[in-house]
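This report goes through selected parts of one structure, chain by chain. Please look at the sequence and the model first.

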Amino acid sequence: MKKEVPIGIGFLVGVLIVFEYFLKGLWPAVSKTATDAQNWGSVISAFAMGLAAANLIVIHGRRIKQKHPDAWMSWLLFAGILVMTITGFYAKGTAGGNTFSFLFDGLYLPLGTAMFSIMVFFIASAARRAFRARNIDAAFLLVAGVIVMIGNAPVGKLISPWFPSATSWLISFPNVAGNRAIMIGAALGMVLTGFRVIVGIDRSYFGGE
Amino acid sequence: MNILKRFGEMDRRWLYVILLVMVVFPLLRPIGIPIDVSSSTAKFVASVDRLQAGDRMLLVFDYSIGGGPDVDPQAQVVLAHALSKGVRVVEVAFVDTGLNYATKACDLWVSKGKVYGTDILNLGYAPGVETAISAFGQNIEAIFVRDVNGKAPSSYPIMEGIKTAGDFKLIAEFATGIPGPAEWIRQVVTRYKVPLACGVVSVMGPQNAPYLQSGQLVGLLGGGLKSAAEYEIAVKMPGAATAAMDAQSLGHLTIVVFVILGNILFLVERREQKAKKA
Amino acid sequence: MTVAKTWAGALCVFAVYSFLWKENRFFRAVQNLYVGLAAGYSIVLAVKSIQRQAWVPLTTKGDIWAIVPMILGLLLFTRLFKRYAWVARWPMAFLMGMGAALSMKAIESDFVRQIQASLVAWNSINNLMLSLGTALALTYFFFTFKPNAVTNYAGRAGRWVLMLCFGAAFGQSVQGRLSLLISQMQFLLKDWLHVMK
Amino acid sequence: MVAGKQTTFLFFVLVLAVAVYYMTRARTGKIPAIRKIPGLDAIEEAIGRATELGRPVFYVPGRTEINTGGAAQNIAGLEVLGHVARMTARYDTEIRVAIAAANVYPVAEAIVQQAYLEEGKAERVKPEMVQFLSNEQFAFAAACLSIMNTEKTASVIMVGEFQAESLMLAEGAAQAGAVTIAGTARTAQIPFFVAACDYTLIGEEIFAGGAYLSKNPVGIANLAVQDLGKLASLVVIIAGSLMVTFGNKSMINWLKK
């Protein structure tokens, strides 16, 4: 029960999807089963989102219980979950309710975009002390990077029309070649890892044993 | 030399201030550096231009709010371009926050007189990423039993004759991460040969370039806001992205100068260390 | 309402940017709030999806099978109870098996189709870069062949191709991050302070 | 058979057949040698450092959900996690694992518990060892940074699928004074890892990771299969391009079949 059932489930689902993809001509009804199974997968993923929230609650609940100095922040987190959930359920249709819209557009969205936008400052400081031509590899990387940065800005063409054309060459040729090699290798990796998971050779993902 | 040393030792917050000034200044006092349209943007524009009035296009909002500002202007201008041609647009999201962008875009155009369910439709969001995309590709109503207004999609005229993702004339997907072009190509394009054009944050541009060269994508907006500006110029609808480009130019130059100074400093320090050892 | 949203938004921006000065309680507070809001938002969407994809078909169309993913989904929560945690492996196995199988489709999109696109006539530097460049970069990722002069030189050349490709990615990344800052400044200058047209 | 998928199916079956052959052969002890991967050798050193300083090791097994195309990278990250957790259990070093995807959380938790069980240290397992922080990219990164800062992590190991948060994590780790080992197959993020980390695993090296660390014969056999696959694609690319150069398109047509 603990070992065989999960391996069996993974195997059946995996084989179903692969079979449907390559060989559905042999057994047309398999298409509907595969679509249903994928719809189930989507539903189960939705429950997993709930599990993640439950875990957040457990961790922060513990922080509050232990009277951690930052416990008030955990309360803030609970408040965030609570108000967003409640107003979210009442926000019907395309137009969200007022409170929900305030929470989303007035807090959630600006917090998210602001947090993201500070990253360019880390680049600025890393530019000074981290991005250094330590060896020939890094030199290649940095020279290409600087060319692309200049070539991609509208001002690049004013400096020299060479920059935009060099940029477009770098992206269309060496970049495509390098990324393609990576893709080819990664695709093989996905097939093999997928195979190991489906036939149950790697049981660690089912929780060990 | 002294200045270089001072640059090396100055508090990193000064670097932040310099960058900020270089970005804010051109926003307040635009310089008006001309913008050229790149060939991959032109391909995307052409893929929308090929559509006829009445054709159905799928617009996919696969973006998180973090990367949203880089990719949302692309989706906005593509949507405006398509609707201006009379193309009918079905919206969908496979990233949760994408739904909010989709809803706002839909509301905006409905308020401008487009008819919900005829010109534009918002299906909603489905969890499960690639699993959901694959299921959606094969049977839209299995995943979207209801649209965001709680009605069956098939009850709207815009969905007439559309059962799978392959029934759209064009799929335009906008992504900040996963799912992105790779997932859509894997799950939908290999199956239905439907034209897929993608807009992605600049970070993801280069890695998706092979798909454009191989023809698996018919268009790629690979440079985030910059690509949106190019698109705005190409379809003569200048907007926020175009207005941002002067700041983009000066910002790039600032970072380039930092990198170059940092490396000169590095060389100087290395030479000094060698001299000390000798 | 719009004014309140804009002001709240601007305050959020400053709270976050305070992190650039130094890590502080204010930043951590809004971060916790943010995590909470994000979790709340995903709970709402998750429940709505379950309702739409399973509950509605079950209750209105009598689709009995729709109960299966709901049961499997609920079983995930056994993880919260040590004794029954093993039961959660069933739905996990379902998700894993499905994910594994779906990602195997890369054999077409990322393997065969990419090889196909690399078959170009060697009549220009560009085409040579496309096909030979890909081949060289592939040799860098050989792990189990006995190293010899050919793989060593080819691998090194391949590494340079890869570095050019990472360089392009590097430049583009900077561009993207900068765009986010610009949008943020546009929000502050335009919507909040009204000093920008 | 679906038209247009015949050659693909042939490759698919070939890859699996060769895989089965190599795996069976590996069970009988015939294991190919593997080239050195410096980034992976550094893991032992990084955990040793944490042990000496008495500070935790911080681990991030990627950020994406497990049922996506990124699954392979996540799984590689989880394989390396198994190894890292066994070592921290052995040396009684604290470990913090940060999770950003709902459905990775139970898997990672199980892997860590299992590792401690195997090392006979089941009683040392604590809930904060594996934490779900947030599924929102940046909230996750910021939460990681605050753990790195407050717990003063000595070593930061990140293997899996990363997106824009990579530079923040790497910079944050550097600011916390940690030794950093990072690996991902996401091309866009590798440059930042190369620039800001002490050791970097490029692309596929992360898939080699699990097999290399665990010396798991099946995993190494898999690497050998991948090498053959890459060799085959290299041969097809060069031979096919030569044919196209001389006006023969039969190879392209065959791939399209």
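How many residues of chain C are in contact with chain A, and how many of chain A with chain C? The count is 96 residues of chain C against 102 residues of chain A, where two residues are in contact if their C-beta atoms, placed from the backbone, lie within 7 Å.

## Basis of the model

This is a predicted model, in which local features need pLDDT of at least 70, side-chain atom pairs count only at pLDDT 80 or more, and totals for chains, interfaces and linings use all residues. Residues are numbered from 1 along each chain as its sequence is written, while chains are lettered from A and ligands numbered from 1 in the order in which they are written.

## The side of chain C that touches chain A

On chain C, the elements that give two or more residues to the side touching chain A are α1 (2–21), α2 (25–60), α3 (67–75), α4 (89–103), α5 (106–118), α6 (125–140) and α7 (149–192). By class, this side has 67 nonpolar, 21 polar and eight charged residues. Here Ala, Val, Leu, Ile, Met, Phe, Trp, Tyr, Cys and Pro count as nonpolar, Asp, Glu, Lys and Arg as charged, and the others, Gly among them, as polar.

## Overall form of chain C

Chain C has seven helices and zero strands. Helices (H or I, at least four residues) and strands (E, at least two) are DSSP runs, numbered from the N terminus. The radius of gyration of chain C is 26 Å, well over the 16 Å that the globule rule gives for 197 residues, so chain C is more spread out than a compact globule. This radius is taken over C-alpha atoms, and the globule rule is 2.2 Å times the number of residues to the power 0.38.

The C-alpha atoms of chain C fill a box of roughly 65 × 60 × 35 Å along the principal axes. Of the 197 residues in chain C, 61% are buried. A residue is buried if 20 or more other C-beta atoms lie within 10 Å of its own, exposed if 12 or fewer, and partly exposed in between, with C-beta atoms placed from the backbone. Among contacts in chain C between residues at least 6 apart in sequence, 15% join residues at least 24 apart.

## Domains

Domain bounds come from an automatic or database domain assignment. For chain C this gives domain 1 (1–62), domain 2 (64–104) and domain 3 (106–192). The C-alpha centres of domains 1 and 3 of chain C lie 36 Å apart, and four residues of domain 1 are in contact with five residues of domain 3.

Chain D is divided into domain 1 (6–30 + 217–256) and domain 2 (38–214). Their C-alpha centres lie 32 Å apart. The contact between them takes four residues from each domain.

## Strand β4 of chain D

Is strand β4 (residues 155–159) of chain D buried or exposed? Five of its five residues are buried, so the strand is largely enclosed by the rest of the structure. Both faces are covered, with D:S155, D:I157 and D:V159 on one side and D:V156 and D:M158 on the other.

Strand β1 (residues 57–60) of chain D pairs with β4(D) in the parallel sense over four bridges; two strands pair if DSSP finds at least two bridges between them. In this pairing, D:M158 is the bridge partner of D:V60. Five bridges join β4(D) to the parallel strand β5 (residues 179–184) of chain D, where D:S155 stands opposite D:V179.
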